[in-house]
Amino acid sequence: MQRHLISAADLTRDDAVLILDTAEEMARVADRPIKKLPTLRGRTVVNLFFEDSTRTRISFEAAEKRLSADVINFTAKGSSVSKGESLKDTAQTLEAMGVDAVVIRHGASGAPYRLATSGWIDAHVINAGDGTHQHPTQALLDAFTMRRRLVGRDAGIGQDLSGRRITIVGDVLHSRVARSNVDLLHTLGAEVTLVAPPTLLPVGIGTWPCEVSYDLDSTLTKSDAVMMLRVQRERMNAAFFPTEREYSRRYGLDGERMARMPEHAIVMHPGPMVRGMEITAEVADSDRCTVIEQVTNGVSIRMAVLYLLLGGNEPAVSGARPPVSPHHLSSERSAHTPSAAEEK
């Protein structure tokens with residue numbers, strides 16, 4: 001990678017582990033009375049959201065503010081975009097304001113890549129979700145949650161997810177989370193199995209670095225983590241399964257199915273959950289479900305990404321163990337990889 005985070009597929013194993021290790025240091029900030037670091041003081045970050053979002057937008061904003069960045073929140077509704085302004089004109093407006101980074105969510109797949117490579121703007125670009133394509137920070141926070149639960153908070157430092165078996169269930173066809181997780185988990189050494197009706201699997205699924213199954217029950221007993229995906233009706237223009245009841249019966253996770261999972265196995269969901277559809281309330285509210293942990297971990301991961309892209313050589317967290325890696329996320333940091341930091 002160079003200056004941007006556009007796709008989980010762009011990350012090497014060392015890049016990904018560096019981000020996870022840095023996030024572990026950032027997570028310690030949340031335990032402090034004052035949850036703030038001076039690392040990005042004087043830097044301006046724009047959250048450019050063309051799609052509705054709650055968790056991702058608030059998570060990025062919290063991460064930016066904890067790193068002391070100046071934050072500008074931009075939503076398409078109520079902006080000149082609703083009057084017909086193009087992405088190019090919006091980007092050039094932001095460039096004229098001198099922003100340092102743009103966090104973009106867009107309904108069109110490829111919009112963040114276009115923004116990063118067009119020359120319209122000279123800022124770092126972070127993809128917060130584009131169409132049905134990629135959502136790299138979601139995959140990173142999912143991997144961070146898995147490593148903490150399956151390997152251990154301290155034991156996981158420097159480790160990947162080699163040998164872990166991850167099952168992703170549901171609407172893979174419309175899911176940028178599924179695509180990003182398959183790419184990243186494969187890079188981290190995990191064995192991934194996708195479970196979905198044939199109608200909810202994309203063309204070319206055979207080329208993905210994962211296994212495919214149509215039977216959820218057969219995969220549960222050998223899974224270390226089961227990630228349930230929401231059926232994205234807002235992206236559907238046809239009938240992909242007979243009824244909600246039929247989908248839930250074959251691909252929903254309830255208490256009986258959860259009981260068949262290994263004792264150490266966890267249940268994940270990127271949110272928002274549709275209780276009673278892909279996951280029952282019993283499972284969603286159980287101790288094995290990590291949905292709330294994923295939200296918490298999302299702030300730490302996004303702090304780590306922002307720090308590695310924008311922090312340069314500025315130290316930020318005192319007493320941090322330096323993450324060792326020959327790869328760096330930013331071309332500006334190619335000469336030196338600092339510890340996740342030392343507080344001023």
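These legends accompany close-up views of a predicted model.

**View 1. Helix α1 packs against helix α5.**
Welcome to the helix pair formed by α1, residues 13-27, and α5, residues 136-150. Two packed helices are described by the angle between their axes and the distance between the axes. For α1 and α5, the angle is about 70° and the axes are 10 Å apart. Angles of 65 to 115 degrees count as roughly perpendicular, so α1 is roughly perpendicular to α5.

**View 2. The residues where α1 and α5 meet.**
Here you can look at the side of each helix that takes part in the contact. From α1 come Val17, Ile19, Leu20, Asp21, Ala23, Glu24 and Ala27. Leu140, Phe144, Arg147 and Arg148 are their partners in α5. Sorted by class, this contact holds 7 nonpolar and 4 charged residues, with no polar ones.

**View 3. Helix α1 on its own.**
How many of the 15 residues of α1 are buried? The count is 13, so the helix is mostly covered, given that buried means under 20% relative accessible area. There is a handy length check, too: at 1.5 Å a residue, the 15 residues of α1 should span 21 Å, and this agrees with its end C-alpha atoms, which are 21 Å apart.

**View 4. Asp100 in the loop between α3 and β3.**
Asp100 sits in the loop that links α3 (87-96) with β3 (101-106). Is Asp100 buried or partly exposed? Its relative accessibility is 23%, so Asp100 counts as partly exposed. The side chain of Asp100 reaches the backbone nitrogen of Thr44 at 2.8 Å. Beyond its neighbours within four places in sequence, Asp100 is in contact with Gly42, Arg43, Thr44, Ala123, His124 and Leu310. Another pair to look for is Asp100 and Ala69: they are 31 residues apart along the chain, and their C-alpha atoms are separated by 9.8 Å.

**View 5. Ser180 in helix α6.**
Our last stop is Ser180, a residue of α6, the helix that covers residues 176-187. With 0% relative accessibility, Ser180 counts as buried because the cut-off is under 20%. Which side chain makes a polar contact with the side chain of Ser180? That of Gln134 does, at 2.8 Å. A polar atom of the Ser180 side chain also lies 2.6 Å from the backbone nitrogen of His135. Setting aside residues up to four places away in sequence, Ser180 touches Ala8, Gln134, His135, Pro136 and Ala139.

Definitions and conventions:
Residues are numbered from 1 along each chain as its sequence is written. This is a predicted model: local features need pLDDT of at least 70, side-chain atom pairs count only at pLDDT 80 or more; totals for chains, interfaces and linings use all residues. Side-chain values use heavy atoms; hydrogens and water are left out. Axes are lines fitted to C-alpha atoms, for helices over the stretch in contact, and angles run from 0 to 180 degrees between N-to-C directions. Helices (H or I, at least four residues) and strands (E, at least two) are DSSP runs, numbered from the N terminus. Angles under 35 degrees count as roughly parallel, over 145 as roughly antiparallel, 65 to 115 as roughly perpendicular and the rest as oblique. Contact means heavy atoms within 4.5 Å. Ala, Val, Leu, Ile, Met, Phe, Trp, Tyr, Cys and Pro count as nonpolar, Asp, Glu, Lys and Arg as charged, and the others, Gly among them, as polar. The expected span of a helix is 1.5 Å times one less than its number of residues. Buried means under 20% relative accessible area, exposed over 50%, partly exposed in between (1.4 Å probe, protein chains only). A polar contact is a pair of N or O atoms within 3.5 Å; within protein, one must be able to donate a hydrogen and the other to accept it, and residues adjacent in sequence count only if both atoms are side-chain atoms.
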